[in-house]
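Here is a short briefing on how one protein model is put together. Look at the sequence and the structure first, then read the points below.

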Amino acid sequence: MKAIQISGHGGPEVLEHVDIPKPVPGAGQILVHNKFTGVNFIDTYHRTGLYKVPLPLVIGREASGIVEAVGEGVTGYKVGDHIAYLGPNTYAEYTLASPDSATVLHEDVPLDLAAAVLLQGMTVVSLAKISHEVKPTDTVLIQAAAGGTGLLLVQYCKSIGATVIGTVSTPEKAERGRKAGADHIILYSTEDVHKEVMRITNGKGVNAVFDGVGKSTFDVSLSCLARLGSMISFGNASGKVEPFDMFKLTPKAIRLMRPSLMTFYETKEEFDALAAPIFDLISRNKLSVHIHKFYDLKDAPQAHIDLESRGTEGKLVIKL
């Protein structure tokens, strides 16, 4: 079968389009014929070595497809089911998935949409429900509000009733952020983010910042928080946040968290608790998922180039 594999760390050029054996499901495993796989920043972290992984590695953490075979002891899934799942090795025609990290799709959820929304959607629920429980009375700042996760996070926070401030880099992205429901948009390329946040909040600051950008935005994100605010730093799009003086948190008693989605679930019940709210919003037409572009598997290097450019809007998806 065809797959994208890395044998060393580096830029997009280390992504190799290879032929490898088709896996065989063992006890407690599902063999999935992948149809779509989502492209995520965690894939670039594995590729560069920011997150340590064993080599060689077929990269990818999310996909949707059709169940081709079911291993001994697996219940709740049958051959032919359309599913979406999280797990390793998804840049491939076939992948072994865990039943505890998968969900059978309703008929009204297409496979391309499922691959586009699962990881980022569950991330959004983990951020706005667990990392900082967003309330209707909250005002929140979302950095990179026109990206894949950002657009979903804007909509999810608005579904709760919160006031949402989003940052974007271009007028085109500003329009997309507004369409997603953001109450205020700040063009960080031409406007002072801290000054604008304080103007919008009458000098109070925001209750929470959701920052998936990392190094380049961390300090200004901290400066935008209100007393007892939550700084949720969940990504490294601009690079890893440098070590900093913890006493910066003291004047406003700021809560700081650096979450990762995979730490929020260990059981099928915990997985479903994160996935179900997203698919519920989709089924009720309360969540719009924007797919920026589809790529062939062999074009995965270009997908990484595009994602890391921070010039995309919405989700990048590989079609198999």
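This is a predicted model: local features need pLDDT of at least 70, side-chain atom pairs count only at pLDDT 80 or more; totals for chains, interfaces and linings use all residues.

- Strands of a sheet pair through backbone hydrogen bonds, either parallel or antiparallel.
- Here, six strands form an open sheet with parallel pairing.
- Their order is β11-β10-β9-β12-β13-β14.
- β11 (184-187) and β14 (255-257) stand at the edges with a single partner strand each, so one side of each has no neighbour in the sheet.
- On average, neighbouring strands of this sheet are turned by 15° against each other, direction ignored.

**A helix across the strands**
- α4 lies across β10 and β11.
- Its direction is at about 165° to β11.

**The nonpolar cores**
- In soluble globular proteins, nonpolar side chains tend to be buried together.
- The largest nonpolar core has 54 residues.
- Met-122, Cys-157, Phe-210 and Phe-279 have the most contacts inside this core.
- Several elements each supply at least two residues of the core, including β10 (163-168), α4 (171-180) and β12 (206-211).
- The largest share, 13 residues, comes from α2.
- A second, separate core has 16 residues, among them Ile-6, Val-39, Tyr-295 and Leu-316.

**A closer look at Phe-210**
- Which residues does Phe-210 contact, leaving aside its neighbours within four places in sequence?
- Among them are Leu-127, Val-140, Leu-153, Cys-157 and Phe-234.
- His-132 and Gln-143 are also in contact with Phe-210.

Technical notes: Residues are numbered from 1 along each chain as its sequence is written. Side-chain values use heavy atoms; hydrogens and water are left out. A nonpolar core is a set of buried Ala, Val, Leu, Ile, Met, Phe, Trp, Tyr and Cys residues joined through side-chain atoms within 4.5 Å. Buried means under 20% relative accessible area, exposed over 50%, partly exposed in between (1.4 Å probe, protein chains only). Helices (H or I, at least four residues) and strands (E, at least two) are DSSP runs, numbered from the N terminus. Contact means heavy atoms within 4.5 Å. Two strands pair if DSSP finds at least two bridges between them. Axes are lines fitted to C-alpha atoms, for helices over the stretch in contact, and angles run from 0 to 180 degrees between N-to-C directions.
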